Amino acid sequence: MIRNLMLAAVAVVSLSGCALLSSPDPIQLYRFGDPTGSATTAVADPVQVKLRAIEMPQASQGDRLLGVTGSEAAYIGGARWVSPALMLYSDALEASFASQARTVRLIGRRELTQTTRLLDVDVRAFETRYDYEGAAPTVVITARARMLRFPERTVAAEQTFTVSQPAGENRVSAIVEAYDVATRDLNTQIVSWTDANAGGN
């Protein structure tokens with residue numbers, strides 16, 4: 001009897017050890033945006049615009065994909081961004097300016113070039129929205145862009161942009177594709193708006 005109890009105890013310990021040492025479910029890494037966009041033909045006398053540090057809600061700026069259903073929010077399991085979303089978005093916006101801008105030259109976050117214009121981008125929403133659990137979601141990105149005079153830091157122009165991109169189905173790969181399309185759409189609008197407003201007084 002005692003021997004049987006000891007064997008049972010050893011079996012339980014062995015099984016619990018296996019559970020503790022078992023590999024966690026794999027997490028797939030994804031990215032959005034094209035940080036290596038080809039540069040456009042250089043403008044003869046471009047308006048130099050300095051990009052300020054981009055802001056994004058804390059719940060969205062990390063490496064997890066935020067899902068929202070009504071008033072409930074949760075991170076989508078089994079998937080992460082390859083880098084924090086804030087970093088990926090910043091790189092994608094700079095690449096969009098490099099490949100699309102016609103009248104401005106964006107001074108990146110790491111440059112020290114003098115300028116009389118600052119571009120302030122505040123991403124207000126960067127999330128996956130579900131009408132109900134299990135539905136094919138919609139990626140929603142909202143950003144406020146402001147053109148600031150420097151050194152006065154007064155607002156020369158301001159506009160809020162919202163892009164809603166439905167995912168083809170409720171799968172991570174489809175959701176990531178929707179983020180990529182939505183980001184490119186939003187950035188194209190911001191570049192065009194900056195081209196139109198950077199040269200004003």
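In the predicted model, strand β7, which spans residues 138-149, runs antiparallel to strand β8, which spans residues 155-166, and the two are joined by 11 bridges.

Helix α2, formed by residues 85-100, contains 16 residues, and the distance from its first C-alpha to its last is 22 Å, close to the 22 Å expected at 1.5 Å a residue. The buried residues of this helix are Ala85, Leu88, Tyr89, Ser90, Ala92, Leu93, Ala95, Ser96 and Phe97. An α-helix has 3.6 residues a turn, so residues three or four places apart point the same way. The elements covering the buried residues of α2 include the strands β2 (47-51), β4 (72-81), β5 (104-107) and β6 (117-130), together with helix α3 (172-197).

Strand β4, one of the elements that cover α2, also contributes to the second largest pocket, where five residues of the lining come from β4, the largest share. Strand β3 (64-69), like β4, supplies at least two residues of this lining. The pocket holds about 170 Å³ of space, and the residues that line it are Gly67, Val68, Thr69, Glu72, Ala73, Ala74, Tyr75, Ile76, Tyr130 and Glu133.

Technical notes:
Residues are numbered from 1 along each chain as its sequence is written. This is a predicted model: local features need pLDDT of at least 70, side-chain atom pairs count only at pLDDT 80 or more; totals for chains, interfaces and linings use all residues. Side-chain values use heavy atoms; hydrogens and water are left out. Two strands pair if DSSP finds at least two bridges between them. Helices (H or I, at least four residues) and strands (E, at least two) are DSSP runs, numbered from the N terminus. The expected span of a helix is 1.5 Å times one less than its number of residues. Buried means under 20% relative accessible area, exposed over 50%, partly exposed in between (1.4 Å probe, protein chains only). Contact means heavy atoms within 4.5 Å. On a 1 Å grid over the protein atoms alone, a cavity is a set of points where a 1.4 Å probe fits but cannot get out, and a pocket is an open set with protein on both sides within 12 Å along at least five of seven lines; lining residues have an atom within 4 Å of a point. Grid points are joined across faces, edges and corners, and a volume is the space filled by probe spheres set on the points.
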